[in-house]
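Thanks for making the time this morning.

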There are 2 protein chains.
Amino acid sequence: MSDYELRRTPRTQVVRNPKRADYDREVVNEIIDATALCHVSYIIDGRPYVTPTLQWREGDTIYWHGSSASRFLRQIVGKEVCMAITHFDGYVLARSAFHHSINYRSVMLFGEAIKIDGKEKNRLLDNFVDTLIPGRLKELRAMTDQEAKATTVFSMLIDEGSAKVRTGPPIDDDEDYELPIWAGVIPISQIQHAPVPDPNNKPGLDIPKHVQDFKLR
Amino acid sequence: MSDYELRRTPRTQVVRNPKRADYDREVVNEIIDATALCHVSYIIDGRPYVTPTLQWREGDTIYWHGSSASRFLRQIVGKEVCMAITHFDGYVLARSAFHHSINYRSVMLFGEAIKIDGKEKNRLLDNFVDTLIPGRLKELRAMTDQEAKATTVFSMLIDEGSAKVRTGPPIDDDEDYELPIWAGVIPISQIQHAPVPDPNNKPGLDIPKHVQDFKLR
């Protein structure tokens, strides 16, 4: 298993090895960019909550959005949150129950949830669509002011957190390798299926190129 | 989108319609049982954290485990946690950016993290393996006392939380259905791939039946 730290947690300021940090950062970005799904953890009235939502990244900043009416989003303005992004890559079958594991890639990020308003919000929402479904934005009818108002966008700097990656076969106790027990990995991945047209599509609408070209990240 | 509540949150005691509750509960159990991955949210020193881990269910109780040395597990004993289990089932492409969505099934559970010790812990760990990889446990060398000691198991009652399910095509504004824009769903699912034997397996070991029969939940 590999561990990558953006900054040591709990928050102890450490001087980072810039080379190591760059390497970490590439790994972190790859894990973030490989799915839109994330889980955001936050506190309301002293109780922990975790909500799944979609995220997207621009450079050193991660964004997520939601309905302005959402209790989750109204409560986290300027508050500290923790975001996890996790890929479940396979079951790891060892020779003992104890050494069973999973292969995975995961990132945990800490930061302050900053609410974005004005024109920047609209730009970000457009970019969100274009990041997730490249080529789709220009086909859509434009966002209305009311829609923008009904949507809240948050940002968080990617500067504190950690990543963990496990790959490869099980690691068993030395003596267990002599046992006649099959060990190995059952890999798991996410796949996309053929697009399903809305039954209410106008007649004669072919699946457009941007949908045909869509590739799950 | 369908919403299911186990009990109203924040914690207002309400008398539940038992029929509705049963229905909710079936939906909640199906979502829980359809994957082992979960995200547990908790508070340390007033800061929110979220950690991915594996869960399994026995009746009305959900369990998770980890290394006894884990900071996450040492800190949550008897504390309140929130657990999310989420399935990302597809991108929903609407005629406006605003009505884009995803199809998903998700559960959010609240409760106290109760640490399990003694023989019950060992039984639970055995059942964990047998739940995730049916048929494997009896092939493994037995768990040692030291391994049991190095492992912590937590339980939480499934009695407070909510589930949300979205399925089907996009829901657009009435007038947008007249636009010549292709709308629909790109379904997403998790698949398993062919088992990859550990290069250190003893020569002549075939893939056993329980691995051949393995089906991703």
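Let me begin with a detail: which residue in β10(B) is the bridge partner of A:P197? Bearing in mind that this is a predicted model, the partner is B:G184. That pairing belongs to a join between the chains, in which strand β11 of chain A, residues 196–197, is linked by two bridges to β10(B), the two strands running antiparallel.

Stepping back to the whole interface, 70 residues of chain B are in contact with 70 residues of chain A. On the chain B side, the elements that give two or more residues include β2 (37–44), β3 (47–58), α3 (118–132) and β10 (184–192), and the largest share, nine residues, comes from β10(B). Sorted by class, that side of chain B has 47 nonpolar, 13 polar and 10 charged residues.

How are the two copies arranged? Chain B can be laid on chain A by a turn of 180° and a shift of 0.0 Å along the axis, with an RMSD of 0.0 Å, and that is the relation of a two-fold axis. Within chain B, the residue that comes closest to the rotation axis is B:Q190, with its C-alpha at 2.1 Å. Since 100% of the interface residues of chain B are also interface residues in chain A, the copies meet through the same surface.

Leaving out residues up to four places away in sequence, A:V107 touches A:V28, A:I31, A:I32, A:A84, A:I85, A:G161 and A:A163.

Notes:
Residues numbered from 1 in each chain as written. Chains lettered and ligands numbered in written order. Predicted model: local features only at pLDDT ≥ 70, side-chain atom pairs only at ≥ 80, totals over all residues. Contact = placed C-beta atoms within 7 Å. Helix = DSSP H or I, 4+ residues; strand = E, 2+ residues; numbered from the N terminus. Nonpolar A, V, L, I, M, F, W, Y, C, P; charged D, E, K, R; others polar. Pairing = 2+ DSSP bridges. Least-squares fit on C-alpha atoms with pLDDT ≥ 70 in both.
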